[in-house]
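Morning, everyone. Please have the model open on your screens while I talk.

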Amino acid sequence: MSDPTNVLAPEHRRLRIGDAWRAAASGATFAVEDPATGRTIAEVADADVVDGLAALDAASGAMAGWAATPPRRRSELLTATYRALTGRSEEIARLITLEMGKPLAEARAEVAYGAEFFRWFAEEAVRVEGRYGTAPAGGYRILTVPKPVGPCVFVTPWNFPLAMGARKIAPALAAGCTTITKPAAQTPLTMLLLARIMEEVGVPPGVVNVVTTRRSGKVVSALLADSRTRKLSFTGSTEVGRVLLRQAADNVLRTSMELGGNAALIVCADADLDVALDGAMVAKMRNIGESCIAANRIYVEEPVREEFTARFAERMGALSVGHGLDDGVDVGALIDEASVAQIDELVADAVDRGARVLVGGGRPDGPGHFYPPTVLVDVPEDARLLRAEIFGPVAPIIPFTSDDEVLAKANDTEHGLVGYVFTRDLQRALRFAEGLETGMVGINRGLISDPSAPFGGVKQSGIGKEGSHEGILEYLDLTYAAIDLP
């Protein structure tokens with residue numbers, strides 16, 4: 001088996017700042033491990049505050065030139081990035097699997113998904129428009145002009161190391177903004193490879209900067225405290241999001257926050273159970289369940305509860321667990337030991353309170369950060385996993401008897417990212433779509449992410465939208481000019 005890290009030369013495992021790949025000022029590095037084996041696969045530069053500010057120097061210095069670059073040229077560079085990603089899909093996917101743990105098929109899907117953001121926003125780059133019109137009272141004209149907000153700081157998570165960066169970088173560049181990305185310490189290699197690819201296709205120096213670090217708090221805080229930073233976009237936990245929002249408030253930064261979720265998946269008695277089972281498997285097990293939009297709580301209406309539960313447990317139990325690069329593996333390794341321990345604790349808590357394990361439960365022996373697909377029933381309402389974001393392959397199934405009951409339970413959370421509903425009754429589906437307190441709803445569908453659709457939550461699941469036309473608006477300020485013209 002060839003080493004997937006070979007796609008990234010040692011000199012490109014450094015910080016990407018301006019026109020250079022440079023070591024951290026301190027010379028420090030940190031190890032990146034394969035979560036399936038615990039083996040170190042690479043050493044990357046460990047940036048400190050001085051490195052983060054050097055990246056901001058580069059982004060700030062490149063800002064005027066990039067903002068003045070014709071939209072068509074920005075579009076062409078984004079299209080070239082899309083083509084490069086799709087052309088190198090296999091090698092990028094193997095790198096994602098090696099540093100993140102997901103099965104290779106999932107990694108290939110992520111590359112395709114991430115690349116689509118560059119194609120979508122290549123098309124949006126040439127459609128940024130203002131307006132010109134007569135004031136209602138007459139006597140003057142109203143002119144609105146969209147402008148890029150300025151240098152942007154991105155903090156991206158480990159679960160989709162390519163796609164989450166692409167979802168931020170593509171609209172920012174389309175709008176004319178420069179960027180600094182701080183990827184998760186567990187998965188920095190994919191973002192470094194993306195920066196290298198964008199360098200190769202001709203994106204100018206200083207437009208895409210990448211700072212890898214284990215000292216995220218110090219580095220990001222320094223960037224947010226600098227008045228040259230004008231935008232923060234973060235994908236991660238609600239807890240960290242609250243901290244970053246407080247810091248962003250000091251300079252009144254534009255923010256886009258895609259935070260935690262606690263998605264309810266509702267299976268009605270009139271649903272097509274084959275469709276519901278397929279959708280539940282995708283919503284629960286995509287990305288090993290390590291997704292903010294994963295189904296966290298599965299509510300099944302009483303008349304079909306027994307059949308759905310038996311068939312769902314059978315399908316979960318049939319999934320194969322192993323190294324993501326091995327053939328036939330359905331469920332790869334979780335990201336780290338802390339994730340496995342947290343999931344094991346949530347399952348143990350539910351069982352201690354009376355839940356029963358139908359499939360899985362309990363971490364296996366041996367190396368790597370694995371946890372088996374697990375199905376729980378008879379889960380009491382005070383079980384912690386009904387409140388916490390599980391972020392793994394564990395599915396609690398809860399019965400319900402009425403729409404009002406399940407809506408109340410589904411909405412009884414601080415989160416509001418996504419919900420899923422399976423029913424063949426159109427009116428019922430629309431009532432759920434309107435009644436769920438979420439930013440997104442999947443109706444008879446377990447996969448909702450699409451670059452052409454606005455992704456984002458309500459309540460404590462976030463602020464703003466990513467993807468769609470709304471996604472580029474997050475990177476634009478609007479200037480209004482009143483023009484005297486009797």
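Which residues does Thr179 touch, not counting residues up to four places away in sequence? Thr179 touches Ala59, Cys152, Phe154, Ala172, Leu173, Val207, Val208 and Asn209. Contact here means heavy atoms within 4.5 Å.

Some ground rules. This is a predicted model, where local features need pLDDT of at least 70, side-chain atom pairs count only at pLDDT 80 or more, and totals for chains, interfaces and linings use all residues. Residues are numbered from 1 along each chain as its sequence is written, and side-chain values use heavy atoms, with hydrogens and water left out.

Back to Thr179. It sits in strand β8, residues 179-182. Helices (H or I, at least four residues) and strands (E, at least two) are DSSP runs, numbered from the N terminus. Thr179 counts as buried because its relative accessibility is 0%. Buried means under 20% relative accessible area, exposed means over 50%, and partly exposed lies in between, with a 1.4 Å probe and protein chains only.

Now the annotations. UniProt, in an unreviewed entry, places "domain: Aldehyde dehydrogenase" at residues 21-478. Over that stretch the chain is 42% helix and 20% strand. Its end C-alpha atoms are 35 Å apart. The UniProt annotation "active site", also from an unreviewed entry, covers Glu258. A caution: UniProt positions are in the numbering used here, feature names are shortened, and annotations may be inferred rather than shown by experiment.

Is Glu258 buried or exposed? Glu258 counts as buried, because its relative accessibility is 3%. Find Glu258 in strand β11, residues 254-258. Its side chain makes a polar contact with the side chain of Arg167, at 3.0 Å. A polar contact is a pair of N or O atoms within 3.5 Å; within protein, one must be able to donate a hydrogen and the other to accept it, and residues adjacent in sequence count only if both atoms are side-chain atoms. Leaving aside neighbours within four places in sequence, Glu258 is in contact with several residues, among them Met164, Phe234, Cys292 and Glu466.

Next, helices. Take α5 (residues 163-175) and α6 (residues 188-201). Their axes come within 11 Å and cross at roughly 30°. So α5 is roughly parallel to α6. Axes are lines fitted to C-alpha atoms, for helices over the stretch in contact, and angles run from 0 to 180 degrees between N-to-C directions. Under 35 degrees counts as roughly parallel, over 145 as roughly antiparallel, 65 to 115 as roughly perpendicular, and the rest as oblique. Gly165, Ile169 and Leu173 in α5 meet Met191, Leu194 and Met198 in α6.

Now a second pair. The axes of α1 (residues 49-68) and α7 (residues 216-225) come within 8 Å and cross at roughly 40°. α1 and α7 are therefore oblique to each other. The contact is made by Val49, Gly52, Leu53 and Leu56 of α1 and Lys218, Val219, Ala222 and Leu223 of α7.

Two last stops. His12 lies in the segment before β1 (15-17). His12 is buried, with a relative accessible area of 10%. Its side chain makes a polar contact with the side chain of Arg196, at 3.5 Å.

Leu386 is in the loop between β15 (374-377) and β16 (394-400). Leu386 counts as buried, at 10% relative accessibility. Among the residues that Leu386 touches are Asn262, Arg297 and Ile398.
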